[in-house]
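Here is a short report on one protein model. Look at the structure first, then read on.

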Amino acid sequence: MDFPKLLGLRPGVTAVIGSGGKTSLLRRLAEELPGTVLLCTTTHIRPFEEYPLLTAPTPEDIRKALTAHRVLCLGTPCENGKLTAPSLSVETLATLADYVLVEADGSAGKPFKGHEKHEPVLPPRRNTTILVLGADGFGRPISVAAHRPALYARLAGVPENRPVTPAIAARVAAREGFHDQVFVNQVDQEEERPLARQLAERLDCPVAAGSLRSGCWEKIK
């Protein structure tokens, strides 16, 4: 099954949050989705170098660019070569392309994350919110595997030195409740597959798992 169908994506706005491969997921979706695609953020991302970047476009600029390029990256330049939110609203962008993919979170490269009150920055009108988790964080202490470990531990109800288990990851995801579905990335070892399944058993939403690096995935729930 191709990746967009695995996630059941429909035209419109899709938000991606969490940790362990958000940018890789966005890149894979942009490659495989049919029709025109706009990549952007409500927080901070690095530009997608393989796609043209528009930094202060008008709607007509975007329409014109999409006649030559199926996928565009939009954003406002900020510090360290990163982009922040585009000058046009996500609602406006959704009228200009078939799909708008929004990275709505940051995680400092960790497999798991606890969200502060101001996070994630979700577009108000979206079809779905995909929570990404990194399977390679299972078995590692919260203090090492989680962005904002004190917050993550508090949400999980365990000490920061406790290894992250599927039950802990599911508990945090359910308590935060931002997602409509979950993708467990970094399932690169055979022993990680049952851990992804254990996580899915504890979540009340669709769950898929696999490796964006190797291009292998499956629907679990």
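## The sheet

Two strands pair if DSSP finds at least two bridges between them. Strands (E, at least two residues) and helices (H or I, at least four) are DSSP runs, numbered from the N terminus.

The model is predicted: local features need pLDDT of at least 70, side-chain atom pairs count only at pLDDT 80 or more, and totals for chains, interfaces and linings use all residues. Residues are numbered from 1 along each chain as its sequence is written, and side-chain values use heavy atoms, with hydrogens and water left out.

Start with β7. Of its 5 residues, 5 are buried (under 20% relative accessible area; exposed is over 50%, partly exposed in between; 1.4 Å probe, protein chains only). Tyr99, Leu101 and Glu103 lie on one side of β7, Val100 and Val102 on the other, and both faces are covered.

Now take β2. It too is mostly covered, with 5 of its 5 residues buried. Val37, Leu39 and Thr41 point one way from β2, while Leu38 and Cys40 point the other way.

How do these strands pair? β2 and β7 are parallel, over 5 bridges. Leucine 39 has leucine 101 in β7 as its bridge partner, and cysteine 40 has valine 102 in β7. β2 also pairs with β4 in the parallel sense, over 3 bridges. There, leucine 38 stands opposite leucine 72 in β4. On to β1: 5 bridges join β1 to β7, and the two run parallel. Valine 13 has valine 100 in β7 as its bridge partner.

β12 and β13 run antiparallel, joined by 4 bridges. Alanine 208 has lysine 219 in β13 as its bridge partner.

Axes are lines fitted to C-alpha atoms, for helices over the stretch in contact, and angles run from 0 to 180 degrees between N-to-C directions.

The buried residues of helix α8 (residues 192-201) are Glu192, Ala196, Leu199 and Ala200. They cover an arc of only 100° around the axis, which puts them on the same side of α8. The arc is that of the directions from the helix axis to the C-beta atoms. Among what covers these residues are β9 (128-134), α7 (166-176), β11 (181-185) and β12 (207-211).

The axes of α7 and α8 come within 8 Å and cross at roughly 40°. The two helices are therefore oblique to each other (under 35 degrees is roughly parallel, over 145 roughly antiparallel, 65 to 115 roughly perpendicular, the rest oblique). Pro166, Ala169 and Ala170 in α7 meet Leu195, Gln198 and Leu199 in α8; contact means heavy atoms within 4.5 Å.

## A buried loop residue

Threonine 43 lies in the loop between β2 and β3. Is threonine 43 buried or exposed? At 16% relative accessibility, threonine 43 counts as buried. Leaving aside neighbours within four places in sequence, its contacts include Leu83, Glu103 and Val121.
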